[in-house]
Amino acid sequence: SEPPSDSAAWSAPPPAPGDPTPVEMHVTVSRAVPAVGWVVLFTALVADSTIGDAFGFLGDEPTPLLMLHWRFAAVSVAFSPVLAISIATSRQLRAHLSSWRVLLLLLVSAAGTTFQSVCFCEAIFRTTPAKAQLFTNVTPVVLLAGKVLRGQALLPLEVGGAVVALLGAATISVAAEDGAAARVGPEPVLGNCIALLGTLGGTSYIAANEQLRPLLPAPTHFGLVNLLSALLVLALLLCVPSSPPLDFSRAGVCGWLRPEPDRLLVLAYMACISDGLGNMGWVVSLKYFSALTVSVVILVTPISTTAIEMALGLRPAPTTVGALGCCTLMCGVAQVIFANGAERKVDATAAILPPGGGPRRAATQGTAFPAPRAAPP
């Protein structure tokens, strides 16, 4: 099986000359998440759960696509001072940003989150909001399929936990549709398909962020991705038939800058809390948890939203079906988290000896050990 991606070094001493014994190395990997990792993950979950209510305060004047542009633009403006200072003072950061690999990953990340968000905006008009949210977040299935295609071993707890969590999320979706305020769009099948398509964008976003996290500071990384996303959505807005005006009106492209409670104040909250602590928190969580674990915990967002609204007296307690879905989802999440920190045994022979023989090598240094010479007579 493949060595863990976060392993820093694999090495072994060269065999004795003339020793015909095959080289093998087996390693037991034990991962422990520090307390700060759990704090970051929990903060991201709670902060991200408030974004739906924040969008509700913007009213019905702006279209969903325009609100999406406002959100990305507000985040990029909020993070622009940190972005400018870090680029101006860090030579290493400038070197990373001049790399085509980093630029490509930034573009993939921005395109992924933009595509997922646009698909959600389109799906919500054709199917129920609960199904639109569920189907745009089945990222764990795509991540597991990707591991299979790359020939990586799947842990039973990972697979079982992801399946159980998705079943719980589906049950919550069914419970939400049974509510009095349920709304079914005119084309539910098409809406569900669009939402499922958006999952590919979410998977690209997480996969690219996992590669970018060790290379760029989180605020710089997050600010750049949102700046690119704002430009992508703006280009899309200018291409649609009913494009908004390029002015500061309440439904204009720059309308979010109006000094009003339901414009600038709401977008400032979204940029600093919902996105700054929420979505950027998911990116930082990738330092402590696998992409699969983070994608499964994101499924808990509806439960967190319900808990917050119940605490504020804005929503009654969930139904029996909803409570069952919550318990099922939390059981699946617990399985995946346990698998994230469980010990695992890895056959690391391929890291020190290429398949089919050949010179032995140190994986991290890329230098080859000389092949054993024949023993003298």
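In these legends a residue is called buried under 20% relative accessible area, exposed over 50%, and partly exposed in between, using a 1.4 Å probe and protein chains only. The structure is a predicted model, in which local features need pLDDT of at least 70 and side-chain atom pairs count only at pLDDT 80 or more, while totals for chains, interfaces and linings use all residues. Residues are numbered from 1 along each chain as its sequence is written, and side-chain values use heavy atoms, with hydrogens and water left out.

**Figure 1. Overview of the protein.** The protein has 15 helices and two strands; helices (H or I, at least four residues) and strands (E, at least two) are DSSP runs numbered from the N terminus. Of its 377 residues, 42% are buried. The accessible surface comes to about 19100 Å², and carbon and sulfur atoms account for 69% of this surface; such areas come from the Shrake-Rupley method with a 1.4 Å probe, and for residues only the protein chains shown count as cover. Contact means heavy atoms within 4.5 Å. Among contacts between residues at least 6 apart in sequence, 79% join residues at least 24 apart.

**Figure 2. The aromatic pair of Trp-38 and Phe-289.** Two aromatic pairs are present in the structure. Rings of Phe, Tyr and Trp (its six-membered ring) pair if their centres lie within 6.5 Å; planes under 30 degrees apart count as stacked, over 60 as edge-to-face and the rest as tilted. Trp-38 and Phe-289 form an edge-to-face pair, with 5.1 Å centre to centre and 75 degrees between the planes. Trp-38 belongs to helix H1 (residues 35-48), and Phe-289 to the loop between helix H11 (261-285) and helix H12 (291-298), so the pair ties together parts that are 251 residues apart in sequence. Trp-38 is partly exposed at 37% relative accessibility, whereas Phe-289 is buried at 1%.

**Figure 3. The aromatic pair of Phe-79 and Phe-222.** This pair is edge-to-face, at 5.6 Å centre to centre and with 70 degrees between the planes. Phe-79 lies in helix H3 (residues 64-89) and Phe-222 in helix H10 (residues 218-239), so parts that are 143 residues apart in sequence are tied together by the pair. Both Phe-79 and Phe-222 are buried.

**Figure 4. Nonpolar cores and the surroundings of Trp-282.** A nonpolar core is a set of buried Ala, Val, Leu, Ile, Met, Phe, Trp, Tyr and Cys residues joined through side-chain atoms within 4.5 Å. In soluble globular proteins, nonpolar side chains tend to be buried together. The largest core has 67 residues, and those with the most contacts inside it are Leu-68, Leu-97, Leu-106, Leu-216, Leu-267, Trp-282 and Leu-329. Helix H3 supplies the largest share of this core, 11 residues. Residues up to four places away in sequence aside, Trp-282 touches Leu-41, Ala-44, Leu-45, Asp-48, Val-294, Val-297, Ile-298 and Thr-301. A second, separate core has five residues, including Cys-119, Ala-132, Ile-194 and Ala-195.

**Figure 5. Thr-114 and its contacts.** Thr-114 is part of helix H5 (residues 100-123). With 7% relative accessibility, Thr-114 counts as buried. Beyond its neighbours within four places in sequence, Thr-114 is in contact with Phe-72, Ser-229, Leu-232 and Val-233.

Figure 6. Side chains of opposite charge can pair when their charged atoms come close. Here a salt bridge is a side-chain nitrogen of Lys or Arg within 4 Å of a carboxyl oxygen of Asp or Glu, and the whole structure has 10 of them. Arg-263 and Glu-61 meet at 3.5 Å, N to O. Arg-263 lies in helix H11 and Glu-61 in the loop between helix H2 (51-56) and H3, so this pair ties together parts that are 202 residues apart in sequence. Arg-263 is buried at 0% relative accessibility, while Glu-61 is partly exposed at 46%. Asp-262 and Arg-250 meet at 2.6 Å, N to O. Asp-262 lies in helix H11 and Arg-250 in the loop between H10 and H11, so the parts tied together are 12 residues apart in sequence. Asp-262 is partly exposed, with a relative accessible area of 23%, and Arg-250 is partly exposed, also at 23%. A salt bridge of 2.8 Å, N to O, joins Glu-260 and Arg-258, and Arg-258 is partly exposed at 26% relative accessibility.

**Figure 7. Cysteines without disulfides.** A disulfide is a covalent bond between the sulfur atoms of two cysteines. The cut-off used here is a pair of cysteine sulfur atoms within 2.5 Å, and the structure holds zero disulfides. The closest cysteine sulfur to that of Cys-326 is in Cys-327, 6.8 Å away, which is too far for a bond. Cys-193 is partly exposed, with a relative accessible area of 45%.
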